Amino acid sequence: MSSIWQTDTELPSFPQLKGNVRTDVLIIGGGVAGILTAYFLKQSGINCMLVEKNRICHGTTAGTTAKITVQHGLIYHKLLKSGGIEKAQKYLRANQLAADKFAELCKDTDCNYEIKDSYVFSTDNIQKIYDELSALDRIGHHAVFCENIPLPLQVCGAVKFTDQAQFHPLKFLYGISKKLPIYEHTSVREMRGNTAVTEHGEIRAEQVIVTTHFPFINKHGSYFLKLYQHRSYMLALENAQDVGGMYVSDSKTGLTFRNYGKYLILGGGDHRTGKQGGGWSEMRRFVKQHYPNAKEYCHWAAQDCMSLDDIPYIGEYSARTSKLYTASGFNKWGMTGSMLSAMLLCDMVQDKQNELADIFSPSRSILKPQLFINGFEAVTNLLSISGKRCPHMGCALKWNSAEHSWDCPCHGSRFDESGKCLNNPANGDM
């Protein structure tokens, strides 16, 4: 079940770390956020190393739709309502800086970087579209209302952002990672202060950055309350449609569209990890109805960490930890989220002030409605009777018949039929 990005890209290999070592900055997690952070630190002349328990870009990064956009659903109306104009403007400016940095770096990398327009559409609520356009006007960003878009759906309207981008994420990341100090098959079993304990030794670091998708250190930060995970399902189709841009529904369980070469990438069937959802069967029914001549080239799934307020957690792991940082909760917008994380974290480890950092602080208030939903899911599943329990915090696992895996509804850990861990925060097998 490889993604389309994995089918035409040669995976580089890196050695396993053995023995006891020292470094100024240790990065744990070899996805897009970790690799970009290592890249910027190396450029700044900082002694660092990155460790990955499997292979780099093998997890969530491989499953992305790889849209580089500051249009993150209909978020600006929400930000304006919850935090005012300054907060919404800061969020937009931060993500624009991230998108601009991608444009700069992709000039030197053969990664199918293309400028595309981006659209968020609604099939049933035109007022949400109007509200978003009004919010964007108030914060000074030009957007376009579209009544019709070239998709086989009945929509009531869409918000269009011009001059966004898409690319091939693995070609880009493999290109910039070749000369970085990366160690694969190096699993961090536990942290003792800023010392990482692996299977084959210890890594002593002055500062540690955790970019493991879901932060794996439970005793700090309460991420088991602040995050939950969401699964999405993708098909790459031949002989389907050139949609000419990037499209996503305003609903978390809606559809997403973009092209890569001759393929149409269609996503949907979403659900909270450990719950029931449409999966690939829902997607294939849509294809049969709307693209009857299409041929399925490959299919895959992705998993995303969702924060309480739709804003990522980037910064100090908690208010009580020193020289320990993290980046997570990208809410399905991991490209700009990861680039922004790398830029902010690189500043933080050098004690540089960044005026945009405050709205992403992991220590901000967690009194949001989603907190109580997450708490209810955790309590319900902890009390459920099941022979299969998650080693992360003991929740009852649910069988995922579509992917033949045991999934945790509490925090999103997943395990294959034999019990091998597929997705964290669990840091070991079932």
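**Salt bridges in the model**

Me: Is K262 buried or exposed?
Reply: K262 is exposed, with a relative accessible area of 58%. Buried means under 20%, exposed over 50%, and partly exposed in between (1.4 Å probe, protein chains only). This is a predicted model: local features need pLDDT of at least 70, side-chain atom pairs count only at pLDDT 80 or more, and totals for chains, interfaces and linings use all residues. Residues are numbered from 1 along each chain as its sequence is written, and side-chain values use heavy atoms, with hydrogens and water left out.

Me: OK, what does K262 form a salt bridge with?
Reply: With E238, the closest N and O atoms being 3.4 Å apart. K262 sits in the loop between β13 (256–260) and β14 (263–272), E238 in strand β11 (residues 228–238), 24 residues apart. A salt bridge here is a side-chain nitrogen of Lys or Arg within 4 Å of a carboxyl oxygen of Asp or Glu. Helices (H or I, at least four residues) and strands (E, at least two) are DSSP runs, numbered from the N terminus.

Me: And E238, buried or exposed?
Reply: Buried, at 19% relative accessible area.

Me: How many salt bridges does the structure hold?
Reply: 19.

Me: Switching topic: which residues are networked with R414?
Reply: R231, E403 and D407 are linked with R414 in a network of salt bridges. In the R414–E403 pair, the closest N and O atoms are 3.4 Å apart. R414 lies in strand β20 (residues 414–416) and E403 in the loop between β18 (398–400) and β19 (405–407), so the pair ties together parts eleven residues apart in sequence.

Me: Are R414 and E403 buried or exposed?
Reply: R414 is buried at 5%, and E403 counts as buried at 12%.
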